[in-house]
Amino acid sequence: MGEEKKKKRHSKLKKFLIMMVVVGILFGCYIRFIGILGIVVKEYAIHTDKLPSSFDGMKIVHFSDIHYGTIVDSKKLEEMVKMINDLRPDIVVFTGDLYDESIELSDKYKEEIKDNLSKIEALLGKYAVSGNHDYSNEGYSKLIKESGFTYLDSESELLYYNGDTPIRIEGYPSYLKDKPDYKSYEEDYYTISLIHEPDGIDKLKSNSDLVLAGHSHGGQVRLPFIGAIYTPVGSKKYYDEYYKVNDTDLYISYGIGTSLLKIRYFNHPSFNLYRFFVD
Ligand SMILES: [Fe+2]
């Protein structure tokens with residue numbers, strides 16, 4: 001091979017490598033600074049004949065995985081709260097990971113959280129369960145209660161809406177960090193279950209109609225046509241936004257914050273809105 005040809009080949013290889021490095025840097029900047037921006041509302045219609053007719057038109061907002069102090073600060077929470085209130089939900093639920101284990105929560109942080117979350121308005125109530133990160137700092141259940149949420153610690157409540165037949169809402173703490181006491185019930189009311197780790201759906205005993213979970217973050221980084229490339233323990237079986245598990249609908253919120261790395265791709269921060277239609 002002539003010297004000239006060798007030089008040409010080297011120069012082409014060099015250009016290719018430089019291009020790859022530039023693309024890598026641009027991708028890194030995108031997932032760190034652009035992919036985490038904004039809040040998307042994911043809207044789902046739930047048609048069911050099991051819900052009492054008085055609940056026709058009900059709206060539930062479901063948010064999850066705040067991981068306060070990572071990419072979520074007071075401003076971001078304020079934005080989320082405004083968006084939720086603009087939707088005028090009947091029920092608001094939170095499926096855990098308000099805290100992040102890498103962040104030490106100061107009293108100032110806790111005040112900011114309380115100030116914002118207590119402004120969320122819901123006609124029939126606000127309900128929350130714990131996530132695995134909520135055991136990393138003290139006072140999660142106290143803070144969530146002071147923010148106006150009912151903390152469901154293997155507990156349930158019946159909700160009435162202009163009628164005699166209620167629905168049931170139940171909630172369980174993180175099974176990775178706690179010991180949920182899964183309940184079964186005699187009365188067969190339409191049942192909504194709140195859990196943190198979606199794989200916990202297989203542990204439920206309540207014959208639930210609708211299970212709402214978080215934890216997976218949808219993988220945080222999702223690739224086109226492939227989806228999540230990594231999900232944590234507790235969301236290895238169920239990690240995408242929707243599954244039908246026997247007769248139960250399972251919806252997973254991809255969350256507002258991040259854990260491990262402050263990056264998101266094809267997966268902007270989001271919360272879910274469910275509109276119910278009685279068939
Ligand atoms: Fe999380």
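Where does Asp-240 lie? The points below come back to this residue after the overall picture.

1. Basis of the model. This is a predicted model, in which local features need pLDDT of at least 70 and side-chain atom pairs count only at pLDDT 80 or more, while totals for chains, interfaces and linings use all residues. Residues are numbered from 1 along each chain as its sequence is written.

2. Overall picture. The chain has 4 helices and 14 strands, where helices (H or I, at least four residues) and strands (E, at least two) are DSSP runs numbered from the N terminus. Taken along the principal axes, the box filled by the C-alpha atoms is roughly 90 × 45 × 35 Å. Of the 279 residues in the chain, 40% are buried; a residue is called buried if 20 or more other C-beta atoms lie within 10 Å of its own, exposed if 12 or fewer, and partly exposed in between, with the C-beta atoms placed from the backbone. Among the contacts in the chain with a separation of 6 or more, 70% come from residues 24 or more positions apart, a contact being a pair of residues whose C-beta atoms, placed from the backbone, lie within 7 Å.

3. Asp-240. The residue of the opening question, Asp-240, lies in the loop between β11 and β12 (242-245). Asp-240 has 18 other C-beta atoms within 10 Å and is therefore partly exposed. Not counting residues up to four places away in sequence, Asp-240 touches Gly-218, Gly-227 and Ile-252. Tyr-251 is 11 residues from Asp-240 in sequence, and the two are 8.2 Å apart in space, C-alpha to C-alpha.

4. Lys-237. The loop between β11 and β12 is also the place of Lys-237, which is exposed because 12 other C-beta atoms lie within 10 Å. Lys-237 and Arg-88 are 149 residues apart along the chain, and their C-alpha atoms are separated by 33 Å.

5. The nonpolar core. The largest nonpolar core has 55 residues, and those with the most contacts inside it are Val-93 and Leu-212; such a core is a set of buried Ala, Val, Leu, Ile, Met, Phe, Trp, Tyr and Cys residues joined through C-beta atoms within 7 Å. In soluble globular proteins, nonpolar side chains tend to be buried together. If neighbours within four places in sequence are left aside, Leu-212 is in contact with His-62, Val-93, Thr-95, Ile-192, Leu-194 and Tyr-251.

6. Ile-192. One of the contacts of Leu-212 is Ile-192, whose place is in strand β8 (residues 191-194). Ile-192 is buried, since 25 other C-beta atoms lie within 10 Å. Leaving out residues up to four places away in sequence, Ile-192 touches Ile-167, Ile-169, Asp-209, Leu-210 and Leu-212. Ile-167 is 25 residues from Ile-192 in sequence, with 7.9 Å between them in space, C-alpha to C-alpha.

7. Helices α2 and α3. Helix α2 (residues 74-86) packs against helix α3 (residues 107-117) at an angle of about 15°, and their axes are 9 Å apart; the axes are lines fitted to C-alpha atoms, for helices over the stretch in contact, and angles run from 0 to 180 degrees between N-to-C directions. The two helices, α2 and α3, are therefore roughly parallel to each other, given that angles under 35 degrees count as roughly parallel, over 145 as roughly antiparallel, 65 to 115 as roughly perpendicular and the rest as oblique. On the α2 side the contact is made by Ser-74, Leu-77, Glu-78 and Val-81, and on the α3 side by Glu-112, Ile-113 and Asn-116.

8. Tyr-140. Helix α4 (residues 140-146) contains Tyr-140, which is buried because 23 other C-beta atoms lie within 10 Å. Apart from its neighbours within four places in sequence, Tyr-140 is in contact with Leu-98, Tyr-99, Ser-130 and Asp-134.

9. Two positive phi values. Most residues other than glycine have a negative phi, and most peptide bonds are trans. Ser-154, although not a glycine, has a positive phi of about 60°, and its place is in the loop between β5 (150-151) and β6 (155-159). Phe-225, in the loop between β10 (222-223) and β11 (227-228), likewise has a positive phi, near 70°. Ser-154 counts as partly exposed because it has 15 C-beta neighbours inside 10 Å, whereas Phe-225 is exposed, with 5 other C-beta atoms within 10 Å.

Methods. Contact = placed C-beta atoms within 7 Å.
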